[in-house]
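The stops below go from the whole chain to single residues.

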Amino acid sequence: MKHDGADKRRRRFLTAATTVVGGAGVAFLVVPFIAYWRPSARAEAAGAPVEVDITGLEKGQLINVEWRGNPVWIFRRDEETVDALETIDAQLVDPDSNDPQQPDYARNKYRSVKPEIMVLVGICTHLGCSPLFRPDETPEGMDREWIGGFFCPCHGSYFDLAGRVYRGVPANLNLVVPPYKFIDDDTILVGEDDEEEGVA
Ligand code: FES
């Protein structure tokens with residue numbers, strides 16, 4: 001069963017995807033990521049933090065950056081998505097982030113520093129595939145309420161838009177939140193924070 005606002009969200013996400021296609025070309029027709037940004041080879045080899053400008057990231061859009069050879073997803077949630085994260089705890093393995101899959105500052109119901117900005121390592125915690133972004137349409141085989149999230153096609157694991165894994169799927173850990181911090185309102189540094197230790 002879909003959330004009441006699903007139709008509204010669908011329209012909004014489709015609008016976002018269309019905007020992306022118009023602005024960035026056909027490469028984004030199938031996967032609605034707005035960009036794929038790679039650091040220089042030198043920075044990558046050194047595992048350097050990656051600075052990401054999210055000025056143009058609109059609600060419902062997701063950007064994919066690379067950090068230490070892994071995809072890191074940054075997604076701007078709208079208010080409806082933020083609210084929906086509080087409605088499906090009973091369907092999740094670890095809704096309160098008790099497992100150490102995130103730095104302490106992301107151990108909250110949004111698994112993020114700011115409720116509206118999601119930052120996750122895009123690697124499935126089952127066997128390491130990269131899940132697909134499914135912000136609205138219910139993925140294949142999903143028979144529970146879908147508020148948007150990620151679907152791993154390798155063996156059928158589902159995660160919500162905070163990277164929390166649903167019960168009854170092969171993966172049993174939430175997606176990893178990398179260490180990160182905001183340099184200012186529109187700039188995120190992935191791979192470095194102000195804590196002494198982070199995950200990853
Ligand atoms: S690798 Fe994702 S479900 Fe197995």
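In what order do the elements of the protein run from the N terminus on? The order is α-β-α-β-β-β-α-β-β-β-β-β-β, which comprises three helices and ten strands. Bear in mind that this is a predicted model.

**Colour by confidence**

Colour the chain by pLDDT. The mean for the protein is 82, and 74% of the residues reach 70 or more. Select residues 1-34 next: pLDDT stays under 50 over this stretch, for which the model has 38 contacts beyond four places in sequence. Helix H1 (residues 6-24) has the lowest mean pLDDT among the elements, 38, while S5 has the highest, 98.

**The whole chain**

Of the 200 residues, 36% count as buried. Among contacts with a separation of 6 or more, 58% join residues 24 or more positions apart.

**The nonpolar core**

Select Val65, Val72, Ile74, Met118, Val119, Leu120 and Val190. These residues have the most contacts inside the largest nonpolar core, which has 36 residues. Then show the strands that give two or more residues to this core: S2 (50-53), S3 (62-67), S4 (70-76), S5 (117-121), S7, S8 (157-160) and S10 (187-190). In soluble globular proteins, nonpolar side chains tend to be buried together.

Which residues does Val190 touch, leaving aside those up to four places away in sequence? Select Val190 and display Pro49, Val50, Val52, Val65, Trp67, Val72, Val119, Pro178 and Tyr180.

**The three-stranded sheet**

Now show S2, S10 and S9. They form an open sheet in the order S2-S10-S9, with antiparallel pairing. S2 and S9 (180-184) stand at the edges; each has a single partner strand, so one side of each is left without a neighbour in the sheet. On average, neighbouring strands here are turned by 25° against each other, direction ignored.

Zoom in on the pairing of S2 with S10, which is antiparallel and runs over four bridges. For one of the bridge partners, select Glu51 and look across to Leu189 in S10.

**A loop residue**

Finish at Met142, in the loop between strand S6 (132-134) and strand S7 (149-152). Why does Met142 count as partly exposed? The reason is its count of C-beta neighbours inside 10 Å, which is 16; a residue needs 20 or more to be buried and 12 or fewer to be exposed.

Conventions: Residues are numbered from 1 along each chain as its sequence is written. This is a predicted model: local features need pLDDT of at least 70, side-chain atom pairs count only at pLDDT 80 or more; totals for chains, interfaces and linings use all residues. A nonpolar core is a set of buried Ala, Val, Leu, Ile, Met, Phe, Trp, Tyr and Cys residues joined through C-beta atoms within 7 Å. Two residues are in contact if their C-beta atoms, placed from the backbone, lie within 7 Å. pLDDT is the predictor's confidence in each residue, from 0 to 100. Two strands pair if DSSP finds at least two bridges between them. Axes are lines fitted to C-alpha atoms, for helices over the stretch in contact, and angles run from 0 to 180 degrees between N-to-C directions.
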